[in-house]
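Subject: Structure for you to look at

Hello,

Here is the structure I said I would pass on. Please open it first, then read my notes below.

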Amino acid sequence: MEAVLKEGERLDELQRNSYRIIQDPRRFCFGMDAVLLAGFARVKPKEQVLDLGTGTGIIPILLKGRTKGKSFTGLEIQPESADMARRSVSLNHLEDQIRIVTGDIKEADKIFGAGSFEVVTCNPPYMTDLHGLKNPSEAKAIARHEVLCTLEDVITQASKLLVPGGRFYLVHRPFRLAEIIFGLCQKGLEPKRMRLVHPYADREPVMVLIEALKGGRPRVTVEKPLIIYEKPGKYAEEICEQYGY
């Protein structure tokens, strides 16, 4: 076990299929948004899935545990995060189902080829240069701010990478919802499902989950709100189910 971990890294249990993941708190650890995106995404048997900006591989690993997809690929530009993701895949003996590729989201269609996936997922940086202060840690700044890729880059690549009728799953912040929907429609990705995530039932949403269909007809279903906490310190039942508690 110790041989898998490098200095400063830790091993976290995922509460699903006995899977574990390697993380380094000095860089960027996955949050609830990644878990909720993996729960929102629908992957059918034999489908091929790509996660853009996979970080330490949390979404491909969770999707492997939740779905019957044929294969799962994670694309990550930061070599250190990609290395942790590969070691987590190996630790869980998932090398035959999950591969981690080091590369730039903006070059994804050249790396994999257009129309290579039935499903694309992404938990992208939420903030532009105009939104808040950047973290002094480069790794955390890249994860939170649009330093190396923009929302437009992500949507453009998702559209290119999907087969006709393929599905794109995105988690983002509600304050950019108009921009997201406009960008999706511009690239031929029609929003089909949307769900807002609220910290409490009487609070404003803090996340939005979106499914878009490549070449789909205009019609979107707004699902019931997802509430994180029943009361302070107590997760709602659906959140507990998402985490496998």
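How many of the nine residues of H2 are buried? Seven are, so helix H2 is mostly covered, where buried means under 20% relative accessible area, exposed means over 50%, and partly exposed lies in between (1.4 Å probe, protein chains only). The buried ones are Ile58, Ile59, Pro60, Ile61, Leu62, Leu63 and Gly65. Helices (H or I, at least four residues) and strands (E, at least two) are DSSP runs, numbered from the N terminus.

This is a predicted model: local features need pLDDT of at least 70, side-chain atom pairs count only at pLDDT 80 or more, and totals for chains, interfaces and linings use all residues. Residues are numbered from 1 along each chain as its sequence is written, and side-chain values use heavy atoms, leaving out hydrogens and water.

A nonpolar core is a set of buried Ala, Val, Leu, Ile, Met, Phe, Trp, Tyr and Cys residues joined through side-chain atoms within 4.5 Å. The largest one has 36 residues, and Leu36 and Leu63 touch the most other members. Elements giving two or more residues to this core include helix H1 (32-40) and helix H2 (58-66); H1 gives the most, with seven. Leaving aside residues up to four places away in sequence, Leu63 is in contact (heavy atoms within 4.5 Å) with Ala38, Ala41, Val43, Val49, Phe72 and Thr121.

The disulfide count is zero, a disulfide being a pair of cysteine sulfur atoms within 2.5 Å.

Regards
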